[in-house]
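Reader: I would like to learn how to read the features of a model such as this one, taking the general idea before the particular case. Could we go through it step by step?

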Amino acid sequence: MATASGVLEAGSARPVGGGVPPRAGVRVELDQCERRFGEVAALDGFSLAIEPGELVALLGPSGCGKTTALRALAGLEQLDSGEVRIGGSDVTAVPPNRRGLGMVFQAYSLFPNMTALENVGFGLRLRKLVASERRRRAHDLLDLVGLGAQSGRFPHELSGGQQQRVALARALAVEPRVLLLDEPLSALDAKVRAQLRDEIRRIQLEMGITTLFVTHDQEEALSMADRVGVMASGRLQQVGSPDEVYERPVNAFVAEFVGSVSRVPATVGAGATVEVLGRSVPLPAGQAAFAPGSRVDVLLRPESFAVHADRDGLGLVVRRAFLGPVMHAVVALPGPVEIVATLPSSAAGEVVVGSAVRVEATGSPLFVTEPRPEAR
Amino acid sequence: MAALTLPGRRTTRGAPTRAEFRVGGWARSIVLLCTAMYFLVPVVASARYALEGAHGTYTLAAVTALFHDPVLLQSLLTSVEISLGAAGITLVLLTPTSVWVNLRMPRLRRAMESLTLLPLVVPVVVVVLGIYGAFPTAVVASPVLLALEYVVLAMPYSYRAIDGGVQALDLHTLVDAGRSLGASWPETFRRVLVPNLRTSLLSAAFITIAYSLGEFAMANLLSFTTFPTELFQIGTEQVDEATAVSVFALVLTFAVLLGLSLLGGRRRAGGLRRGATLSVGGGDGIAAEVDAVLGHVDPGVPGIVHETREVP
Ligand SMILES: Nc1ncnc2c1ncn2[C@@H]1O[C@H](COP(=O)(O)OP(=O)(O)OP(=O)(O)O)[C@@H](O)[C@H]1O
Ligand SMILES: [Mg+2]
């Protein structure tokens, strides 16, 4: 929707303001980073490499260490061990003010005593740029984020979305080698968020700046990023293109965290197949290691189910959500197991809440895993 | 509104009646009047006493006489120097301390608050004896020492003013933002934190100045000739002149503080973030300043005279 068109139009969108030349990004590496806070390992052997000009979204549940990873890259957090390299050189011991990065924070971080223009010019003032040049550059950047008319306003006179735009302009003003964004949109309402998300991506592409974007919103991550890194308890679980992470998760955590899946008990059959809900379907590629006859859990996407109204079916429709062309149905099966299935809206007449249905697996599962120790 | 009505007059139905509101209004006026009288009567009486000439006439002789007293003027200069010094040291010492505690050791915040209250608990005489014991005579005679002492004595007020302002800032975010934009620690402090602490820092400075200008006991015990001690000296011989000077000092200080409050208020309305609690630090600070002034400059003559009589 808006996201896709925004990204597609990026090349032909408003040109970057005069004084802001497109920059070739640098390569960024975090290597075996460790950081503990008492008992908690916020980073536990965390490694990630970002290619020049690439936007990587770091996705993960709350408290998994995303902010810590970003701050370690910025130099705002000391590492217990590990190495940070920017453009090939080791910056682990370099203080944040000499790493040449731009950062946008989750909390509103504009300096309350300065106008939007002064905020954007702050980094340039530190770099001893003459006042006229500084003002010109700051104006260009405010134009870039669409706030040229608000340059004289103080932060308290700007909306949340406007403040984050100014913060973005401020971060970009110093022509950073790397742009770091820590959930900059999470305090904004859905509409502004989608808009600003597109805008960040457009500017990032135009400037070709290497970017790390932290979020716990998977839609944000999947729609914006060149690659998505999924993180859990201080470790990077998988990093890959959005479709890779979505279609070929490397473990059950990634499969369950990205997108919607249902967990269903199954039995491995002969010849790399698995018996799911009375149907034999092929095991996913690279997952043939289970011995025939072993009990497993399979993870299936909603579109891998077929749901038929059937008075003798064992499933019971618990909830339904109509989404236009398709609908989602939550079906309770014996086990007890609950699955989410996508079915065409044309079935809306028969598959209603409380009706009995028959459920079949129609496709290969996304992932096969050991059954959970405790039955749900 | 309801808080101002007298508890005994409350109707059982709960909502205050019209009459209650009127009583509330009266009660408020009376409270305000009494408070005003409490502060104004001594000042007016002192002023009258100082200006009264022979046979019920009024004369400015006492006021003009004070400008021709070189010792008094010198003592005023000394006091101003010491109080400015004390204010400067206060800002330089306490601002980084408060920032550091809030940023890096938030668990020590409570402990710091208690620690800075200690000067209120330890009597000045005890401190003076400690100073005599701890330092050689040459050091004890230096006005720098007196300035340092005033930093400590005014700390219960000044630290609170600064700390209130620091706590009202989103310190972590501002510091991180400054640092990531290329500011070194000193630059972050000077360009990001100090401008946003302006009101609190002004408050702290003025509390310290007001305290130092009016402090008598410590200066007297350490044998300094400061404005209050000289005033006391004059008071033993020419009471009307001393009274004139103290009234003059009081009015002047009050005018300065009022000006500062107005300035602080305007600043807040202008540049700073709406809803930011900078006013908490600033507001409390001003109140504390007025306390400090009324508690120390005003009793310059009558209050402290009593106190010193008890000290042999
Ligand atoms: N300064 C700190 N002191 C103590 N523990 C900390 C500190 N900073 C982070 N932690 C802990 O480290 C872990 C990772 O924190 P981090 O802020 O990196 O998580 P996050 O992935 O950014 O979470 P969220 O999505 O909620 O922002 C958490 O368990 C957190 O409690
Ligand atoms: Mg975070």
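**Domains, chains and one residue**

Author: Taken over C-alpha atoms, the centres of domain 1 of chain A and domain 2 of chain A are separated by 34 Å, and the contact between these domains takes 6 residues from domain 1 and 7 residues from domain 2. Please keep in mind throughout that this is a predicted model.

Reader: Which residues does the domain assignment of chain A give to domain 1 and to domain 2?

Author: A domain may be given as more than one stretch of sequence, and here domain 1 is assigned 28–100 + 176–252, while domain 2 is assigned 260–374.

Reader: How much area do domain 1 and domain 2 of chain A bury between them, and which three residues of domain 1 supply more of its share than any other three?

Author: Domain 1 and domain 2 of chain A bury about 510 Å² between them, and 58% of that area is on carbon and sulfur atoms. On the side of domain 1, A:Tyr246, A:Pro249 and A:Ala252 supply 79% of the area buried against domain 2, more than any other three residues.

Reader: What is the secondary structure of chain A, and what is that of chain B?

Author: Chain A comes to 9 helices and 20 strands, whereas chain B has 15 helices and 0 strands. The C-alpha trace of chain A spans about 80 × 45 × 35 Å along its principal axes.

Reader: Is A:Arg35 buried or exposed, and where is A:Arg35 found?

Author: A:Arg35 is found in strand S1 of chain A, residues 28–37. With a relative accessible area of 16%, A:Arg35 counts as buried, because the cut-off for that word is under 20%. Leaving aside neighbours within four places in sequence, A:Arg35 is in contact with several residues, among them A:Val40, A:Leu43, A:Thr68, A:Glu77 and A:Asp80.

Methods:
Residues numbered from 1 in each chain as written. Chains lettered and ligands numbered in written order. Predicted model: local features only at pLDDT ≥ 70, side-chain atom pairs only at ≥ 80, totals over all residues. Heavy atoms only, no water. Helix = DSSP H or I, 4+ residues; strand = E, 2+ residues; numbered from the N terminus. Domains from an automatic or database assignment. Contact = heavy atoms within 4.5 Å. Buried area = accessible area lost by both parts, 1.4 Å probe. Buried < 20%, exposed > 50% of the residue type's maximum accessible area, 1.4 Å probe, protein only.
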